[in-house]
Amino acid sequence: MDKHLQSVTMKRIERTMENLRKNRMQAWYVDSREGVVPLLETLIKEGDTVACGGSVTLFETGVIDHLRSGRYIFYDRYAEGLTPEQLTDVHRKAFTANAYLTSTNAITEEGELFNVDGKGNRVAAMIYGPDNVIVIAGRNKIVTDLYEAFSRVRQLAAPANAVRLSRKTPCVETGKCQDCKSKDRICSSFVVSRFQLVPDRIKVIIVGEELGY
Ligand code: SF4
């Protein structure tokens with residue numbers, strides 16, 4: 001990245017991290033995806049139970065492979081051959097995990113996380129259950145405010161996820177949200193995580209790269 005743009009981007013990241021901390025979430029910055037797993041090793045105890053939300057970022061940063069390394073007891077939503085009933089069971093067990101790992105659809109500079117879910121298992125676990133919620137997000141997830149967060153999800157994140165998940169929704173055809181009534185809709189629960197009653201439960205790792213969508 002151009003050094004002038006890099007300077008402005010870092011100021012934006014620092015502003016975002018400062019406001020996350022004011023909302024009683026912990027915040028870290030790592031330069032690249034390679035920095036994520038070493039940091040995770042300091043945040044999750046060996047032998048802990050762990051679970052994760054659906055996320056491209058977790059694959060791109062090597063986190064899924066790390067969770068499968070045998071270091072933890074992983075409730076693996078991506079395990080091959082899971083039946084729908086077994087997947088539901090994994091989602092329920094996630095609420096009891098010591099640590100829950102996920103990305104986020106957007107982070108505002110005001111220190112808020114914005115997420116949109118279909119079934120709601122991911123946002124539910126972020127809100128309540130696991131003692132340790134670790135959010136990993138590329139710099140591209142940072143937006144100015146909730147208006148931009150909502151727009152980002154409608155114009156980019158949700159349509160891209162609908163394509164990834166092979167949904168039969170209008171956004172797959174048009175590339176933007178049509179606020180559909182499709183049974184394949186992936187946008188049902190819109191959740192803002194702001195000031196936290198339990199301090200430091202949510203830990204946000206911002207990576208200085210573009211990750212996920
Ligand atoms: S509400 Fe429907 S059209 Fe809009 S992004 Fe979600 S799935 Fe796509």
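Two strands pair if DSSP finds at least two bridges between them. Helices (H or I, at least four residues) and strands (E, at least two) are DSSP runs, numbered from the N terminus.

## The model

This is a predicted model: local features need pLDDT of at least 70, side-chain atom pairs count only at pLDDT 80 or more, and totals for chains, interfaces and linings use all residues. Residues are numbered from 1 along each chain as its sequence is written.

## The mixed sheet

Four strands make an open sheet with mixed pairing, in the order β8-β5-β6-β9. Its edge strands are β8 (142-143) and β9 (189-193), and each pairs on one side only. Helix α7 packs on this sheet and touches β5, β6, β8 and β9. Contact here means C-beta atoms, placed from the backbone, within 7 Å. The direction of α7 makes about 165° with that of β5. Such angles run from 0 to 180 degrees between N-to-C directions, with axes fitted as lines to C-alpha atoms, for helices over the stretch in contact.

Strands β5 (residues 106-108) and β6 (residues 113-117) pair in the antiparallel sense over 2 bridges. Isoleucine 107 has leucine 113 of β6 as its bridge partner. The hairpin of β5 and β6 has 4 residues between the strands, and glycine 111 takes a positive phi near 90° there. On to β9: β6 and β9 run antiparallel and are joined by 5 bridges. Asparagine 115 has valine 191 of β9 as its bridge partner. In β6, 4 of the 5 residues are buried, so this strand is largely enclosed by the rest of the structure. Buried means 20 or more other C-beta atoms within 10 Å of the residue's own, with C-beta atoms placed from the backbone.

## The parallel sheet

A further open sheet has 6 strands in the order β1-β10-β7-β4-β2-β3, with parallel pairing. At its edges stand β1 (26-30) and β3 (73-75), each with a single partner strand, so one side of each is left without a neighbour in the sheet. Neighbouring strands of this sheet are turned by 20° against each other on average, direction ignored.

Strand β1 pairs with β10 (residues 202-207) in the parallel sense over 5 bridges. Glutamine 26 stands opposite lysine 203 in β10. Helix α2 (residues 36-43) lies across β1, β7 (132-138) and β10, at about 165° to β10. Helix α5 (residues 84-94) lies across β2 (49-52), β3 and β4 (99-102), at about 125° to β3.

## The nonpolar core

The largest nonpolar core has 51 residues. Such a core is a set of buried Ala, Val, Leu, Ile, Met, Phe, Trp, Tyr and Cys residues joined through C-beta atoms within 7 Å. Val50, Tyr100, Leu101, Val135, Ile136, Ala158 and Val204 touch the most other members. Leaving out residues up to four places away in sequence, valine 135 touches Thr102, Ser103, Thr104, Leu113, Ile202, Lys203, Val204 and Ile205.

## Around the ligand

The ligand is surrounded by 15 residues, the closest being Ala158, Cys171, Cys177, Cys180 and Cys187. A residue is near the molecule if its C-beta atom, placed from the backbone, lies within 6 Å of it. Elements giving two or more residues to this shell are α7 (146-164) and α8 (170-174). The largest share, 4 residues, comes from α7.

Notes. Two residues are in contact if their C-beta atoms, placed from the backbone, lie within 7 Å. A residue is buried if 20 or more other C-beta atoms lie within 10 Å of its own, exposed if 12 or fewer, and partly exposed in between; C-beta atoms are placed from the backbone.
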